[in-house]
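Please look over the sequence and the model before reading on.

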Amino acid sequence: MTALVRCLCLLLLFACGAARAADPATSGVTTPRTILALVDLREEKTIRLSRVHGMAEMPLNHLGLLVVYWDVADGLPDLARYPDLRGVLTWFAGEPFEDVGAYIAWAGRAMDLGVRFAVLGQPGVRRSTGGKPAPLALSNRFFAKFGLRDDDGYSDLTYKSRPAAMDSMVGYERPLIGVLPGYPLFRKLDARFTSHLVMRRGDDAATDSHLIVTGPTGGLVTDGYARHYDPELNRRLWITDPFAFFRAAFATDDFPKPDVTTLSGRRIYFSHIDGDGWRNVTEAAPYAKDKLLSADVVRKAAVESFPDLPVSVAPIVGDLDPTWKGTPESLAAAARLFALPQVEPASHTWTHPFQWAFFKDYAPQKESLFQTGEAGPKRSALDRMLGRTTAGDAAETGGEGVDIGRYAVPRAYLQKPFDLDQEIGGALEYFTHLAPPGKTARLVQWSGDTSPFESAVAAVRKAGGRNMNGGDARFDADYPSITTVPAIGLPVGAERQIYSAGSNENTYTDLWTNRFYGFQNLIHTARNTDSPIRLKPFNIYYHMYSGQKAASVNALRRNLTAARAAELAPVAASTYTLIAEGFYGVRFEPLGERRWRVRDRGVLNTLRFDRASFTAVDFSRSTGVLGQRHSQGSLYVALDPAAAAPVVALAEVERGDLPPPAPVPYLIEGRWAFSGLRAEDAGFTVAATGYGDGAMTWRLPQAGRYAVRAERDGRLLWSSEAQADDQNRLSVAIAVSAIQPLTLRVQRLAR
C-alpha cells in the first residue's frame with residue numbers, strides 16, 4: 001500500500017468517524033480513548049522503565065485514557081491500526097528519528113486528521129539520530145501545529161529569566177525555583193492556543209518565549225519544564241500539572257471516566273498476602289513461646305481478628321508441598337487460612353521465581369551452577385525473608401553466590417527444572433484442591449521482581465486466572481510525588497499485567513532489614529491517594545514474614561484498624577483485577593445531549609465525571625444506573641451489574657451538596673456491592689454481596705418509614721425499620737454476612 005493510499009484510507013476512516021459522531025443515532029460509534037505513546041527503546045530499554053509509563057500513564061488513566069506503545073526504532077506506526085485513537089504522546093530525551101522530515105510529515109498528516117499530539121521533553125524534530133541538524137524551516141512545520149515558531153534563539157543562562165505569564169498549570173509539585181533549565185525562543189503565532197508559561201529575560205518583552213501551550217491540536221511542554229529531577233535524592237517532581245495538561249491536550253471532558261477506585265459510591269478496599277516467610281518461626285510475643293509459624297501469627301493477629309476485611313492469601317507451593325520444602329505444619333497453616341470465610345485462596349507460584357526474565361528462554365543447564373552450589377552459598381536479605389537461618393539452609397535450596405539482578409538465585413526452589421505450566425496453572429490447581437469446596441484459586445500474585453514475560457502472563461489467562469503485583473505505589477514524605485504512583489497496569493507484549501494499588505512492607509523496611517515498624521506509614525499513601533483526588537483504592541499488601549516481628553505485626557494491625565475505620569467498599573483482590581481489566585475494554589457510545597451507552601465494561605461498575613458539582617444523573621433518561629454520589633467535585637455514577645449496556649444521562653442541578661430528587665430509588669453509598677435493582681410499589685429489591693455489616697444509604701422518591709429485610713433463598717436473615725430523613729435519605733446498617741449473595745427488600749410502611 002502506498003503512502004498516498006494509506007493517507008486516503010486514514011482520511012476516510014476519520015471522516016466516517018466524525019460523521020457518525022455528529023449523528024448519535026448511528027450505532028457502533030464510540031468515543032476514542034486510546035493514546036499512542038511513541039517511545040525509543042534504544043534509549044529507555046523497556047516500556048516499564050519509560051518516562052511515559054512511569055510518569056504519564058497514571059494521570060492519563062485517571063482521565064479515562066488507555067495507553068498503547070510503539071517503539072520508533074521500528075519505524076513509524078500505521079495509524080490505521082488504531083481505530084480508537086484519540087492522540088499521540090511523545091517524551092523523548094534525545095533525537096530518535098533518522099529521517100526527521102518523514103516524522104514531521106507523518107505527525108502533520110495525523111494532526112490534520114484530528115489526532116491530537118502531546119509533546120513533552122525533546123520534540124525529536126531538531127536533529128537526526130546521527131546528529132545532523134534539521135533545517136529550521138522544516139522543524140517549524142512541526143511547531144506551527146502547536147501555534148509556535150522557533151526563532152532560532154536559546155537562553156542557556158537563565159538567571160535573568162522570569163515568568164512573564166504563568167497560570168495554575170505550572171508549579172504542580174515543584175515551583176519554578178533554583179537554576180532554571182535553558183529554553184528555546186518560541187514565538188506564539190496562533191491565538192487559538194493558550195500559553196500556560198511564558199518566560200522573559202529581564203524586562204525585555206521581545207525575549208518572551210512560550211514554553212507550555214495547549215490548543216486545538218494538543219499541547220507542548222518544553223524540555224526541562226515538565227518535571228524536575230534531583231539526582232542526589234533520585235527524586236522526580238512534576239513542574240507541569242499532568243492532569244491539567246493532558247486534560248487540555250487530549251480534550252478529555254467529553255466522555256465519562258471509567259473508575260477503578262470506587263464501588264457503590266465508596267473507595268474500594270482490598271488486601272493480599274504473598275507467601276514469602278510462610279515457614280519463619282515468629283519472634284513476636286505472645287506467639288513466640290509456642291514457636292508459631294509466621295503464617296499462623298498473621299492468621300491470628302491480622303485475619304481472624306478482622307473478619308470484615310477480605311484478604312487474598314497466596315502461598316508458595318514449595319513452602320507447603322512435602323515433596324519440596326513443605327511440612328505438615330506449613331500445609332495445615334494454609335488449610336486453616338483458606339477455611340476462613342473472608343479469605344480468597346491465591347497463588348504466589350510453585351517455586352517463587354525471583355527474576356522472571358531468567359526463565360523467558362529457559363534451559364535446565366542455565367540453573368546448573370545454582371543447583372550444584374558451585375557459586376558458594378552466602379547470607380543475604382533473601383535468607384531472612386524466606387526463613388533461612390544459616391548459609392547451609394541456602395545451599396540446601398540451591399546455593400547462592402552469583403547475582404541475578406539484585407537476587408542471588410533465580411528462584412527459591414531449584415530441585416526440579418522450571419516448568420511454566422506447573423508454575424502458573426499447576427499452582428492454581430494445587431491451592432484450589434487445598435481450599436474448601438466452593439473456593440477456587442484464580443489469582444496469581446507475581447513473585448520476585450514482579451516482571452513477568454509475555455508467555456508467563458498468557459499462561460495465567462490460559463489457566464482461567466488473573467494476575468497482579470508490581471507497581472509499588474508510594475506517596476508519602478519519603479516519596480512526595482505522584483510520579484511514584486503507578487498506572488493501572490502494564491502491557492506485556494499482547495498481554496497485560498495488573499499492578500497492585502499499594503506497595504508492600506518491603507519498601508518500608510529496606511528490604512526487610514530494619515525499621516520493621518515502617519509499614520505503618522502505609523496510611524500516608526492511602527490518605528494521599530484519596531485526597532484531593534482519588535487515584536487508587538486502599539490496598540494493604542504484605543508478606544507472611546510480617547508475622548515474624550512484634551513491630552511488623554503491630555504495624556500491620558494499625559493499617560487494618562485504619563481500614564476498618566474508613567468508609568470503604570471491601571472486595572477480594574481478584575475482583576479488583578477484573579475491575580482493572582474492565583478499564584481497558586470499556587467503550588462509550590455517545591447518544592447526544594450528555595448521554596452515553598456503556599459497553600464491554602466487564603465488572604467495572606463506576607463512572608466518574610469531573611468538575612461536576614452541579615451535575616447529576618438524569619434517571620428519567622438513564623437505564624441500568626444504581627446510583628450516584630458527589631465527592632471532591634466529581635460525580636461518581638454506580639452502574640448496575642445486571643445491565644449489559646447501561647445508558648447514563650446527565651442534567652444540571654442547582655445544588656451539589658444534596659442528593660438530587662429522582663422518580664426512582666437510587667444508591668448514594670454502601671459497603672456492599674449491589675445488582676439487579678428493581679423498583680417496586682413504595683420500595684425496591686436488590687441483590688447484595690460484601691464483607692462486614694452492610695452500611696448503606698439510599699435516596700427514595702418518598703419520605704416516610706421503611707421496613708428493611710435481608711433474605712437468602714427465601715429465608716429471612718435480618719429485618720428492621722428505618723426512617724428516611726428530610727432529604728429522603730434512608731440509612732441502614734444490616735448486621736448479617738453477605739459473603740454469600742442475599743436479597744434486600746425495602747418497603748414503605750403505611751402511615
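## Contacts and overall fold

In this predicted model, 73% of the contacts in the chain with a separation of 6 or more are between residues 24 or more positions apart. The secondary structure of the chain consists of 17 helices and 38 strands.

The radius of gyration is 28 Å, which agrees with the value near 27 Å that a compact globule of 751 residues would have. Along the principal axes, the C-alpha atoms fill a box of roughly 85 × 80 × 55 Å.

## Burial, surface and charge

Of the 751 residues in the chain, 55% are buried. The accessible surface amounts to about 29,500 Å², and carbon and sulfur atoms contribute 52% of that area.

The side chains include 85 that are positive and 82 that are negative. The centres of these two sets are 3 Å apart.

## The buried side of helix H9

Helix H9 spans residues 328-338, and its buried residues are Ser 330, Ala 333, Ala 334, Leu 337 and Phe 338. These residues lie on the same side of H9 because they cover an arc of only 125° around the axis. In an α-helix there are 3.6 residues a turn, so residues three or four places apart point the same way.

Several elements take part in covering the buried residues of H9. Among them are three helices, H7 (294-303), H8 (317-320) and H13 (420-434). Strands E16 (311-314) and E17 (343-347) also belong to this cover.

How values were computed
Residues numbered from 1 in each chain as written. Predicted model: local features only at pLDDT ≥ 70, side-chain atom pairs only at ≥ 80, totals over all residues. Heavy atoms only, no water. Helix = DSSP H or I, 4+ residues; strand = E, 2+ residues; numbered from the N terminus. Rg over C-alpha atoms; globule rule 2.2 N^0.38 Å. Buried < 20%, exposed > 50% of the residue type's maximum accessible area, 1.4 Å probe, protein only. Contact = heavy atoms within 4.5 Å. Areas by Shrake-Rupley, 256 points an atom, 1.4 Å probe, with all protein chains shown as cover. Lys, Arg positive; Asp, Glu negative; His and termini not counted. Charge placed at Lys NZ, Arg CZ, Asp CG, Glu CD. Arc of directions from axis to C-beta.
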